Amino acid sequence: MKMLMNEKIRAAEVELTGLNGEDLGIMPTAEALAMAKKLKVDLVCTSLMSSPPPCKLTSAGDAKKEKQQAKASEREMKIKEIRLTPQIEEHDYETKQRQAEKILNSGDAVLLVVRIKGKEGAMAKELLERLMKDLRQAGRPTTGVQLSGKQAAVQLNP
């Protein structure tokens with residue numbers, strides 16, 4: 001999505017939103033541009049789908065940040081799987097935790113899967129709950145821990 005800024009906005013009038021999100025109503029584009037110049041900020045068109053187009057006043061850095069956020073939200077979230085075992089060593093646990101954190105911070109979801117043999121169900125559930133607790137600042141679980149036959153799994157979204 002391309003964002004229109006300042007003189008590139010061709011509409012005769014715009015629906016303007018101020019720097020703090022306050023509604024400034026519908027006004028001629030020239031007047032909105034003059035206001036933006038006076039405040040030393042940018043006039044950014046947020047949508048071309050309506051008439052008059054909604055525009056807002058933002059400081060130069062905010063416009064770039066918004067553009068990056070729009071680009072990041074367009075990218076489709078992937079689900080990456082991390083496999084563990086119930087008898088995991090502390091160092092390996094930390095490595096898997098860092099791996100999961102990195103994936104969550106990059107904007108993808110993580111599916112934590114623990115393979116279960118015999119009566120390891122309780123151990124697997126404890127392990128996943130500990131990982132969820134350690135990763136809570138990076139991601140939120142979509143559901144609780146799901147135990148099914150040979151594995152326990154939980155998905156965390158960023």
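Author: Helices (H or I, at least four residues) and strands (E, at least two) are DSSP runs, numbered from the N terminus. This is a predicted model: local features need pLDDT of at least 70, side-chain atom pairs count only at pLDDT 80 or more, and totals for chains, interfaces and linings use all residues. Residues are numbered from 1 along each chain as its sequence is written, and side-chain values use heavy atoms, with hydrogens and water left out.

Reader: How many helices and strands does the protein have, then?

Author: Four helices and ten strands. Starting at the N terminus, the order is β-β-β-α-β-β-α-β-α-β-α-β-β-β.

Reader: What order do the strands take in the open sheet?

Author: Strands of a sheet pair through backbone hydrogen bonds, either parallel or antiparallel. Here two strands count as paired if DSSP finds at least two bridges between them. The open sheet has five strands, ordered E1-E4-E5-E2-E3, and its pairing is mixed. E1 (4-5) and E3 (23-28) are at the edges with a single partner strand each, so one side of each has no neighbour in the sheet. Further in, E2 (residues 13-17) pairs with E5 (residues 54-58) in the parallel sense over three bridges, and Leu 16 sits opposite Cys 55 in E5.

Reader: Which strands does helix H1 lie across?

Author: For the angle, axes are lines fitted to C-alpha atoms, for helices over the stretch in contact (heavy atoms within 4.5 Å). Angles run from 0 to 180 degrees between N-to-C directions. H1 (residues 29-38) lies across E2, E3, E4 (42-45) and E5, at about 125° to E3.

Reader: Which elements make a β-α-β unit, and of what hand?

Author: A crossover is right-handed if, with the strands pointing away from you, the path from the first strand over the helix to the second runs clockwise. E6, H3 and E7 form a right-handed one. E6 and E7 pair in the parallel sense over six bridges, with Glu 81 bridged to Leu 111 in E7.

Reader: Which residues touch the most other members of the largest nonpolar core?

Author: Such a core is a set of buried (under 20% relative accessible area, 1.4 Å probe, protein chains only) Ala, Val, Leu, Ile, Met, Phe, Trp, Tyr and Cys residues joined through side-chain atoms within 4.5 Å. The largest has 21 residues, and Leu 84, Val 110, Leu 112 and Leu 128 touch the most other members. E6 (79-84), H3 (90-105), E7 (109-115), H4 (121-134) and E10 (151-157) each give two or more residues; H4 gives the most, five. Leu 128's contacts, leaving out residues up to four places away in sequence, include Leu 84, Leu 112 and Val 145. Another core, of 13 residues, lies apart from it, with Ile 9, Met 27, Val 41 and Cys 55 among them.

Note on methods. Buried means under 20% relative accessible area, exposed over 50%, partly exposed in between (1.4 Å probe, protein chains only).
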